[in-house]
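Thanks for coming. I will take a few backbone details and then the RNA. Here is the model.

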Amino acid sequence: MSAAFAHNSGQNGTPAEPPSGHTPAQAGELPKQYKPADHEQRIRARWDEAKAFHADPQRVLRGEAKPYAIVIPPPNVTDRLHLGHALNNTLQDVLARSHRMMGFETLWMPGTDHAGIATQAVVERRLKKEEGISRQQLGREKFVAKVQAFKDEYEKIITDQLKLMGCSCDWDRQRFTMDEVCARAVREAFFRLFKDGLIYRGKRLVNWDPVLQTAVADDECYDEEIDSSFYYLRYPLREMVKGPKGHNAKVSAADTIPISWNELARRGYPGAEQHGGEEQAWVTVATTRPETYLGDTAVAINPKDPRANSLRGLFVELPLVGRIIPVIEDDYVVLPAAMQADPEAAKSDPKAVFATGFLKVTPAHDPNDYEIGLRHKAAIEACGNPVMINMLAPDGSVSDKHGWTDVGDAHLFVGLPREKARKKVLEEFKVRTVDNSTVSLLAETKPYRHSVKHSDRSKAIIEPYLSDQWYVKVTDDRLAPAANRALVADQRKSEQQSGKAADGDGQLRFYPARYAKTYEQWHDGIRDWCISRQLWWGHRVPVWRVQLVPQADDTAAQKSLSLAIDSISDALDEAKQQGNYHILADMARAEEICVCVRNNEAHVRMEQFAKSHADAHPTRSGMRSLIESVQQDTDVLDTWFSSALWPISTMGWPSPQLAGKGFEGLLQAFNPTTTLCTAREIITLWVSRMVMFERYLMPEKWEAEKTKPAALVSLAENGEGRGPLPFNNVYIHAVIQDGEGRKMSKSLGNGLDPLDIIASHGSDAMRFTLCQMTTQTQDVRMPMVKDPATGRNTSPKFDLGRNFSNKLWNAARFTMSMLGVSSHPTSDIPHPTSLIDRWMLSRLATATKEVNDAIGNFEYSNYAQTMYDLLWRDFCDWYLEAIKPTIASDKSQQAVLSTTLECILRLLHPIMPYVTEAIYEQVRSLPGGTISGITLTPPRKAGLLCTSGWPIASDSLRDSSAESAFERTRSLITIIREARSQHQVPPKRKVTLHAPASLLKPEEVALVQTLALIEAIDSTGTSPAGAIALTFEGKQIHLSNLRDAAAPGSAGADDAERERLSKIIGDSEKSISTLEGRLNNPGYAQKAPPAMVKQTQDQLAKAKADRDAARASLAALGGA
RNA sequence: GGGCGGGUAGCUCAGUUGGCUAGAGCAUUCGCUUUACACGCGAAGGGUCCAGGGUUCGAGUCCCUGCCUGCCCA
């Protein structure tokens, strides 16, 4: 089957496998190779039919099972899943499946995220490409319908991908961040935060994408260097001649006069005398964005600048605009390199090199200037200017419609896009001069390469832009600080430092622990969260804005405001609505009333109110004379707002009753969820917000609340940020990079599609490999190659998992063939006493413990590696090979074989669900028998392995004497194998071992015979000529009968033997010198633990014995 | 600028409280159509554990400094 076939299947949703009509074959008929495509679809169908992954909250509430819950980090519907998703979801599935088998009532909640800006951008691009129109041309309603259709398409692709990966999600409960259940949660959360004053509207500088025309978050931007220039503009200096006009009245040029260089010189301005005496003086500002001068409201100088003193109290006039703005002093201004304390050092700072010491201050168009503007509000406003003057339209063109009023002669720039405006400004400055002089307003231009913020989605250069946005006041003690208090004590910095429990109250734990620090520091430096986006795809802000008719004076305005509020309340019948509205108005400004609606019913009423207002006859008095317009806020919420509610919204919060039938008891049973499994950049974007919201929105006494009968549980109470956590553990996994350590991305073409891997290697192989590479580091590399046959990317790393699946398959095939031929076991199986069986059970018990520890600590690589060694090394290489002669007749051994295989299947199932389930179909009907000390609880549903019990292996099975005895036998076998290989003994030839009878017990002899191909052991104490000598535990033993006497090649046998012995002597001597060196160190015997010294002495004795024996053999050969 | 990782065999990575004469898989070499598996079996070669200091009887592991590299936050 081809990769292309499977790939298509992902898109149309048809499972990848060809129709097989497969019924479980008899053991003997199983094919030699495990073909994933022959099984995966059938297995998945069996899981689905049995509803094997459907969680029942009632079992938890009745106390029949403990809960285990994971919510999926909802993938964006923007695109199909990549390998990072495959990793993330495999890790979750391993947790879900293992805990389900351990007896927990396990809920893995699936779903997808609407991904506001990302999805809108993709659909907009599609629309432009396919239909050649913009979303504005299509209109909001039709556009949203298009996005909805796109979402449906990708939601299906993603769901199918997850299913093909084998994810054991509770598919009946699948959610989408914009479905009705989640939307209810969003409205409720917004309402409560709004009512409690934790959501506000404010004019701030945001990252503005002028192409998509929306605010974007920092994480939706990237920095990229561009070639640009520093432009040096001259602003003519003036001084005020008239006294203060009224309070903050506009100062005009007429209120000021030009100031000359002579006057500046008189004021002590260094170097003023070098300029033209009575000509008007100027200052030079350096900028990369000259067009923004239209919005300048000050010019700043560093107070340490020697020129500052003489300029204090002066002004500049903005050319063409004519605006008079003050010279202010602010530490932020970078001093030119020459003025700095260490001019040489300053030369490495490009800003200092390019600086003039004067900074144009444009608060509405630069974040630093914004801060400066706020610091010097009084000085700026004294000139009659607002601190912020916005001179751009949302599309990035120069505009006098968005807050810029004193246009003056600058009208020639209005309407120009950013780039054209820049050119035009430079042209105008170049040809104009400072009054009364010949000095050009444009001093010079210097090329400058610097980093500029771009929008991820449109690639446009970000414009810092002043606009009205909604904010969540996360700095409030009930939000970010409460999130930090949620950390467990030993992961909190403050408590680690003080050594005592401070105000922490939570159980939130990060794995690996270092990420707690990332989390804590994020909250320490957090700023209020801008939650509004000027998009069409998302949850619309549930606030209606009521504009009032302007009134003649403040008193009238306030009166009209009160009347309007009353009339709105009446219209909405607020009293009967039981607090479903929150009406907010700024009494001082009295221009607008905000009505926040809590639910859909309230929304509909508000809609009707708006309609009735619009329909009202203009001449009628009453409401119409008070209210100008009524409309819902057009913004939508940041995607993370709905994501932040995911753990509770998916379970029906705020109203399981309204959410529907399947939601009863879900929150009570599964909240807080157990573990969140995600990537590290998500700590700040998502983890933090989920903790803040849930702690704030859920009832403070949730532990007590959730034990009440369902009907009495109240979800409507706000805590003070002391509510329950959304999850107790946060596991942060690695990021998969390509072979060169680069991020996988579409543009680099180095990404891997999970479905391609599944098609070429099988789902289990992919999962095993991903687990195996998941260590505690932060990045893992995945070398990628293009498959020439399919043209698709793949990686040879997945061969590991494919080979391992196949190994398991064949081990099972062999086991079945062995047990299939035997008669059914009697009811009383003797306790296994043979060395090899005791050894196998001991290894099994040890591995089980290691796997349990690994799962508990999220050590996926250890888990996979332990299973690899158990199955491949212990079970296949040694156990299966060793039992071949005895298995057919040994009932006890049959039970060990059968039980061990079943334990391996169960232990491996969470990582490799398909192949283990497929084998289990066969194994269940095999004769076996139980082994005391091993508990294998039968499946709960439909005989499925995925619902069977996790194996329990008693510690009593761990048998150190069996392990050491086997270890000793194994080393003898290895020595013999090495000698055979070096002497090129034909692989099938059985040789003769000459060794004392006391060396090995009979069952050990049997193992050596089987595994090293020994025909017989000769204990007569003699060995024939031509026998070779081996050293085992410092004693000489011999091997003979290596080949037929007449066989060719025997002539060279002595040389081979000499070479072999020389190597042993060399290796031994190297060891001897290392070990002697250690023992001769005087401090060693005195300070090292005695057991350590003893061990070294033993090692030395053995090395010496090995060397001496090899020397003796070499001498006997007549060698050097 | 602040924080967090990584640097060990040709490649990808393990190496948990210091005890190591440093491991695995892949790749390489040699031998095998061994009736579970060639997606396999047996054997072999391959390392200045980034560099330099320090602590210690003993350092891949702990401490300091530096270099390279990646990520997150500003």
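Start with Lys 51, which sits in the loop between helix H2 (40-49) and helix H3 (57-61). Helices here are DSSP runs of H or I with at least four residues, strands are runs of E with at least two, and both are numbered from the N terminus. This is a predicted model, where local features need pLDDT of at least 70, side-chain atom pairs count only at pLDDT 80 or more, and totals for chains, interfaces and linings use all residues. Residues are numbered from 1 along each chain as its sequence is written, chains are lettered from A and ligands numbered from 1 in the order written, and side-chain values use heavy atoms, without hydrogens and water.

Lys 51 is not a glycine, yet its phi is positive, about 45°. Its relative accessible area is 43%, so Lys 51 is partly exposed (buried is under 20%, exposed over 50%, partly exposed in between, with a 1.4 Å probe and protein chains only).

Leu 320 also has a positive phi, about 65°, without being a glycine. Its loop runs between strand S11 (315-317) and strand S12 (324-329). Leu 320 counts as buried, at 11% relative accessibility.

Next, the cis peptide bonds. One joins Tyr 511 and Pro 512, with omega about -10°. Another goes from Trp 653 to Pro 654, with omega near 5°.

Now the RNA. Around RNA strand B there are 53 residues, of which Thr 775, Gln 778, Lys 797, Arg 1078 and Lys 1087 come nearest (near means a heavy atom within 4 Å). Of the RNA strand B atoms within 4 Å of the protein, 68% belong to sugar and phosphate.
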